[in-house]
Amino acid sequence: MGIVSWIVLGLLAGAIAKFLLPGRDPGGLVGTTLIGIAGSFVGGWLSAKFLHRPIAHHFFDAATWIAAVAGALVLLIIYRLLFGNSRD
């Protein structure tokens with residue numbers, strides 16, 4: 001997959017993570033989108049590095065999507081823990 005595919009995957013993974021973890025985010029839509037993109041990179045890298053799962057070369061691979069959404073969820077939770085009270 002190319003960089004554009006990872007960005008699109010990250011956008012979708014961020015939207016899915018936001019759907020699974022609703023609530024107000026400190027960064028709003030832009031912050032959630034960037035977290036989704038970063039989560040897809042982190043999830044894919046961790047999957048390849050520690051689970052010895054090669055990164056798929058096609059866009060519609062279930063394991064790649066699960067890793068991207070899981071990475072986005074983890075980063076969204078960490079982001080909320082660190083900056084969650086900034087909009088009070």
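**How helix H1 packs in this chain**

In this predicted model, helix H1 passes helix H2 in a right-handed crossing. The residues that make this contact are, on the H1 side, Ile3, Trp6, Ile7, Leu9, Gly10, Leu11, Ala13, Gly14 and Lys18, and, on the H2 side, Thr32, Thr33, Gly36, Ile37, Ser40, Phe41 and Gly44. The axes of H1 and H2 come within 7 Å and cross at roughly 115°, and an angle from 65 to 115 degrees counts as roughly perpendicular, which means that H1 is described as roughly perpendicular to H2.

To place this crossing in its setting, one can turn to the chain as a whole. The protein chain has three helices and zero strands, and its elements, read from the N terminus on, run α-α-α. Of the 88 residues in the protein chain, 33% are buried. Among the contacts with a separation of 6 or more, 80% are accounted for by residues 24 or more positions apart.

H1 itself spans residues 3-20, a total of 18 residues, and reaches 25 Å from its first C-alpha to its last, which is close to the 26 Å expected at 1.5 Å a residue. Which residues of H1 are buried? They are Trp6, Leu9, Gly10, Ala13, Gly14 and Ala17, and because these residues cover an arc of only 145° around the axis, they lie on the same side of H1. The face of H1 turned away from its buried side, by contrast, carries the exposed residues Val4 and Phe19.

What do the buried residues of H1 pack against? Their partners are helix H2, residues 28-50, and helix H3, residues 62-83. With the H2 contact already described, the H3 contact remains to be followed. The axes of H1 and H3 come within 8 Å and cross at roughly 60°, and H1 and H3 are therefore oblique to each other. The crossing of H1 and H3 is right-handed, and the contact is made by Trp6, Leu9, Leu12, Ala13, Gly14, Ile16, Ala17, Lys18 and Leu20 of H1 together with Thr64, Trp65, Ala68, Val69, Ala72, Leu73, Leu76 and Arg80 of H3.

How values were computed
Residues numbered from 1 in each chain as written. Predicted model: local features only at pLDDT ≥ 70, side-chain atom pairs only at ≥ 80, totals over all residues. Heavy atoms only, no water. Helix = DSSP H or I, 4+ residues; strand = E, 2+ residues; numbered from the N terminus. Expected span 1.5 Å × (residues − 1). Buried < 20%, exposed > 50% of the residue type's maximum accessible area, 1.4 Å probe, protein only. Arc of directions from axis to C-beta. Contact = heavy atoms within 4.5 Å. Axes fitted to C-alpha atoms, helices over the stretch in contact; angles between N-to-C directions. Parallel < 35°, antiparallel > 145°, perpendicular 65-115°, else oblique. Left-handed = near helix turned anticlockwise from the far one by under 90°.
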